[in-house]
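Keep the sequence and the model open beside you, and try each task before reading its solution.

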Amino acid sequence: MKQKYGQCHICGENTKLSYEHIPPSSAFNKISRKMVGMDILSMNGQNEWTLQGQKYKSFQKGFGDFTLCEKCNTITGSKYGAVYTKIVQAVGSQILQIPQENKYNELKITIEKINCLAFFKQIISMFCSVNTANWGMQFKEYLLNPENNEFNTDRYKICTYLHRGTMDRVCSMCVLWNPLNGTSKEVSEISFFPFGFILYDSKHVTDNTTIGTDISAWGTKAYKEEQLEISIPSLICNTGKILDFE
């Protein structure tokens with residue numbers, strides 16, 4: 001794999017960057033994907049019409065980019081990525097056993113042992129990778145110290161949903177303006193089977209409505225395993241447009 005140098009999206013060091021799978025490769029991110037910009041991904045070569053007349057980048061072994069230095073990649077991968085992958089594999093495997101004809105709008109999930117803080121930090125590290133280095137560096141101390149649980153829930157919210165449909169999404173921070181009522185919200189979205197995540201930044205917005213189950217409080221939990229019960233809505237993603245659901 002080629003070498004790339006640049007600014008790490010977590011620590012800010014200008015150094016050699018390692019390839020970061022987003023999400024981790026073992027979390028259902030080993031299949032080939034075609035990408036148009038940062039907002040449209042076609043899974044397994046399906047829906048080729050979405051790529052007609054557009055230049056795309058092919059990812060043969062899962063989506064990712066050179067965004068983290070080796071040190072930050074190692075810390076996030078060992079402390080958070082392993083926990084995230086374990087949960088994604090367990091939940092995804094159960095969902096895949098549900099017959100296609102059985103539609104579900106929401107699922108109640110029970111997990112015997114989950115380190116919610118580690119799972120949450122993996123989500124934040126992914127958002128750091130899909131956004132700019134200057135944006136991601138605000139979470140440096142939070143991510144590089146596994147025990148740090150000082151997440152700013154007054155400013156940021158993370159909501160999750162179960163990903164259904166034909167399109168994955170990787171959307172960096174953008175402002176969505178509603179011309180009907182003049183309100184706005186600043187959001188970023190990452191959505192791959194089985195989970196989609198939406199990050200809301202409330203600093204400069206006038207629309208505080210959210211989509212999905214709010215898991216922001218996980219970012220303030222202790223770094224330890226616990227039992228968890230959670231209900232998560234299922235949303236259908238058939239376009240690459242941010243927050244566009246059927």
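The exercises below go from the whole chain to single residues.

This is a predicted model, in which local features need pLDDT of at least 70, side-chain atom pairs count only at pLDDT 80 or more, and totals for chains, interfaces and linings use all residues. Residues are numbered from 1 along each chain as its sequence is written, and side-chain values use heavy atoms, with hydrogens and water left out.

**Exercise 1. Describe the protein chain as a whole.**

Step 1: Start with secondary structure. The protein chain has four helices and 13 strands; helices (H or I, at least four residues) and strands (E, at least two) are DSSP runs, numbered from the N terminus.

Step 2: Turn to burial. Of the 246 residues, 50% count as buried; buried means under 20% relative accessible area, exposed over 50%, and partly exposed in between (1.4 Å probe, protein chains only).

Step 3: Look at contacts, meaning heavy atoms within 4.5 Å. Among those between residues at least 6 apart in sequence, 74% join residues at least 24 apart.

**Exercise 2. Work out how helix 1 meets helix 2.**

Step 1: Two packed helices are described by the angle between their axes and the distance between the axes. Here the axes of helix 1 (residues 70–96) and helix 2 (residues 116–130) come within 8 Å and cross at roughly 105°. Axes are lines fitted to C-alpha atoms, for helices over the stretch in contact, with angles from 0 to 180 degrees between N-to-C directions.

Step 2: Helix 1 is therefore roughly perpendicular to helix 2.

Step 3: List some partners. Residues including Tyr80, Tyr84 and Ile87 in helix 1 meet a set in helix 2 that includes Phe119, Ile123 and Met126.

**Exercise 3. Find the largest nonpolar core.**

Step 1: A nonpolar core is a set of buried Ala, Val, Leu, Ile, Met, Phe, Trp, Tyr and Cys residues joined through side-chain atoms within 4.5 Å. The largest has 53 residues, of which Phe119, Ile123, Ile124, Phe127, Phe197 and Trp218 touch the most other members.

Step 2: Helix 2 gives this core its largest share, eleven residues.

Step 3: Zoom in on isoleucine 123. Beyond its neighbours within four places in sequence, isoleucine 123 contacts Tyr84, Ile158, Phe197 and Ile215.

**Exercise 4. Characterise proline 23.**

Step 1: Proline 23 sits in the loop between strand 2 (14–21) and strand 3 (33–36), and a cis peptide bond with omega about -5° joins isoleucine 22 to proline 23.

Step 2: Proline 23 is buried, at a relative accessible area of 3%. Not counting residues up to four places away in sequence, proline 23 touches Asn29, Tyr84, Met126 and Phe192.

Step 3: Proline 23 and methionine 126 are 103 residues apart along the chain, with 6.8 Å between their C-alpha atoms.

Key:
Angles under 35 degrees count as roughly parallel, over 145 as roughly antiparallel, 65 to 115 as roughly perpendicular and the rest as oblique.
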